[in-house]
Amino acid sequence: METFYVTTPIYYVNAKPHLGHAYTTIMADALNRFHRLMGRQTFFLTGTDEHGDKIVKAAEENGQSPQEYVDNISKLFRDLCPRLGVEHSAFIRTTDPKHIECVQAILQKVYDNGDIYFGEYGGHYCFGCERFYTEKELVGGLCPDHLTKPEYISEKNYFFRMSKYQAWLLEHINRNPEFIRPEGYRREVLSLLESGALEDLCISRPKSRLTWGIELPFDRDFVCYVWFDALINYISALGYPKGEKFKKFWPSANHLVAKDILKPHAVFWPTMLRAAGIEPYQRLNVHGYWLVKDTKMSKSLGNVVEPMALIERYGLAAFRYFLLRDMTLGQDSGFSEEALVNRFNADLANDLGNLFNRTLSMTHKYFKGQVPVPGDEDLADAEIKKLGQEAMRVYQEEFAELRFSRALESLWTLVRGLNKFIDSSAPWALFKAKKRARLGTVIYILLEHLRKVAVHLWPVMPGACGEMLAQLGISFDPLKVDLLKEHDVWGLLEPGTGVAESSNLFPRIEVPEVPASGQTLAGERKAPARPLKAAPAAGLEFEDFQKLDLRVGLVVSARRHPDADKLLLVDVDLGEERPRQVVAGLAGFFEPEDLAGRRVVVVANLKPRKIRKEISQGMILAVHSGQAMDLLTVGGRPAAGSRVS
Ligand code: MSP
């Protein structure tokens, strides 16, 4: 039997789970269910990453010992799974004794082979990322992720000879175009490997600095660097080296990660495996970020979206469907509750919910609630069946490639086609005209297609689709389904089966006044206009106002943001040594070339911020009214950098 092994990253337990974690886990769950329906034996692994500085700090902040702390947060991640409709095969913790044993065995093996050596290292260390940065990687001297100044640390440590495997990795990626997907990330890794010598990887931390980690088996004064420890979870959970599961599932390993951890998965991990004499994984699948107001969700920015608040308000089906329908693999997506509600109402309440409910009611009205016996088919029937076959074929193909959005879009051509089929075959007229055989055929075609739709959607919305199938009188056993055959097989729904009288699985929802996520409305949704009188009760202190450094800026040039439609990258002269780059949401209103030469007002003392990978050093003030955007500007020709007061 073919196998399929899917993993999520193991999540750091320094923060509670948020929408981003829920997304990868739900994606893995949907994929796991899909491959089960396709007849494969599957294994789905998720878990928590529990060693390292970050965790010790978080435990201290909570006044707990590291062990107490990791037990608590790991439990939050584990307990969240069933609430997300997630059924994993195993949940690994890097503090599990079996995992520790496995990490030590691999360290020893690589050490014995001569690929780990002792050396001195100095570098810019970011505690947030738990890694060293080279000068080149820093942005204006700051960590590119946390925008904080790293500390320069020099110490003796153990190194993994990663550089030795550079040529092998390059060749492996070139030979296996499917190794990393989507293609953009494969190219990113290739150019990283081609552009310069891969450095060796520092894989230890002295115990004098950190004790919360796995001891190196060959030197008890050191613990293992978190990434070397964490990546091994993917095989320790399968019982490497001797476990049956390892033999069975490892060859089909599919890792799911977001782009933040591309390098450890695409470079560290395959070279580590190679050094340990283990075959590389089959595929690395990389997705983008869910953004809130154009910024990655993170605890430190205080913009995290709570998955449970959304599920409680909108239901699990809406949540899972939205996440899989609205993100394109590899690209970032703006999260907003409004988008979720609109998507739910359009696709699930209107298209699918109405279709299903109408069909059940007609079955009751015309056939006493029993699946009718179909008669001869006519041209319209053949057409809708053809449409259905094609929709399901494409769905399966796209789903297997993780293009969930396109897969669902394809299935919806069938759902919409069925709604049209009702309108054009007009069952109410057939009933009136007493064309019973024809009426039976029409209703049968609808019910059998709805069964197929529900089976296909089960990986996305297992609970709702299970109910949908129950309402069609089917006791659903995922292990008995052969999804691959579904687009050819016809007539699995038995005539005479009793169906539910009506269905209200996807009741329409209203856009909320107050968001469930506890934030100002996340993502693209605009904050409601605040009445002017709603100034802070105490008024703003003059000193506070004075903290703002407003300056006249002269726009030197502007260009489009490479991957955000609404953003422009504007270079503004503020009378400093060189112009500053400001990321501004002006793209829908101005052509980049219209901005050059204009005098604008800039908030000049904002902390630099990364917006969609581009650094923004300030904010351009503008007035957004309805469809128009006007820049705040000044009369005369004051010099660039003049203070606005
Ligand atoms: N512990 C490491 C991974 C080790 S794997 C051997 C780690 N943990 S993490 O808690 O920071 O999780 C990162 C992962 O969480 C991302 O790769 C992604 O799967 C998910 N996400 C976190 N924030 C996200 C978004 N804003 N959007 C989408 N996914 C995000 O890195």
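Author: Start with the term itself. A salt bridge is a side-chain nitrogen of Lys or Arg within 4 Å of a carboxyl oxygen of Asp or Glu. Keep in mind that this is a predicted model.

Take Asp378 and Arg438. Their side chains meet in a salt bridge, at 3.3 Å from N to O. That distance is within 4 Å, so the pair qualifies. The two residues lie 60 residues apart, and the pair links distant parts of the chain. Asp378 sits in the loop between helix 13 and helix 14 (379-400). Arg438 belongs to helix 17 (residues 436-457). Is Asp378 buried, exposed or partly exposed? Its relative accessibility is 35%, so Asp378 counts as partly exposed.

Now look at Arg93 and Glu50. They form a salt bridge whose closest N and O atoms are 2.7 Å apart. Buried means under 20% relative accessible area. Arg93 has 15%, so Arg93 is buried. Glu50 has 0%, so Glu50 is buried as well.

Arg175 and Glu171 give a local case. Their closest N and O atoms are 2.6 Å apart in a salt bridge. Why are they separated by about one helical turn? Because they are four residues apart in helix 5 (residues 166-175). Arg175 counts as exposed, at 62% relative accessibility. Glu171 is partly exposed, with a relative accessible area of 40%.

Salt bridges can also join up. Arg325, Asp326, Arg343, Asp347 and Glu409 are linked in a network of them.

Next, the nonpolar side of the picture. In soluble globular proteins, nonpolar side chains tend to be buried together. Here the largest nonpolar core has 95 residues. Phe319, Leu352, Leu457 and Met461 touch the most other members. Helix 13 (residues 337-367) gives the most to this core, with 13 residues. The core draws at least three residues from each of domain 1 (3-287) and domain 2 (333-485).

Leu457 is then in contact with Leu352, Tyr395, Leu408, Leu411, Trp412 and Cys465. A second, separate core holds 64 residues. Leu45, Val110, Ala275 and Val286 are included in it.

Move on to Gln471. It is placed in helix 18 (residues 462-471). Gln471 has 17% relative accessibility, so it counts as buried. What does Gln471 touch, not counting residues up to four places away in sequence? Its contacts are Phe356, Leu360, Val499, Ala500, Ser502, Ser503 and Leu505.

Then go to Asp630. It is found in strand 25 (residues 628-631). At 43% relative accessibility, Asp630 counts as partly exposed. Not counting residues up to four places away in sequence, Asp630 touches Ala622 and Val623. Ala15 and Asp630 are 615 residues apart in sequence. In space, their C-alpha atoms are 40 Å apart.

Step back to the whole chain. The protein is divided into domain 1 (3-287), domain 2 (333-485) and domain 3 (542-631). The centres of domain 2 and domain 3, taken over C-alpha atoms, are separated by 49 Å. Its secondary structure comes to 21 helices and 26 strands. Among contacts between residues at least 6 apart in sequence, 75% join residues at least 24 apart.

How does the overall form compare with a compact globule? For 645 residues, such a globule would have a radius of gyration near 26 Å. The protein has 28 Å, which agrees. Along its principal axes, the C-alpha trace spans about 85 × 75 × 50 Å. Of the 645 residues, 54% count as buried. The protein exposes about 29500 Å², and carbon and sulfur atoms supply 51% of it.

Methods
Residues are numbered from 1 along each chain as its sequence is written. This is a predicted model: local features need pLDDT of at least 70, side-chain atom pairs count only at pLDDT 80 or more; totals for chains, interfaces and linings use all residues. Side-chain values use heavy atoms; hydrogens and water are left out. A nonpolar core is a set of buried Ala, Val, Leu, Ile, Met, Phe, Trp, Tyr and Cys residues joined through side-chain atoms within 4.5 Å. Buried means under 20% relative accessible area, exposed over 50%, partly exposed in between (1.4 Å probe, protein chains only). Domain bounds come from an automatic or database domain assignment. Contact means heavy atoms within 4.5 Å. The radius of gyration is taken over C-alpha atoms; the globule rule is 2.2 Å times the number of residues to the power 0.38. Accessible areas come from the Shrake-Rupley method with a 1.4 Å probe; for residues, only the protein chains shown count as cover.
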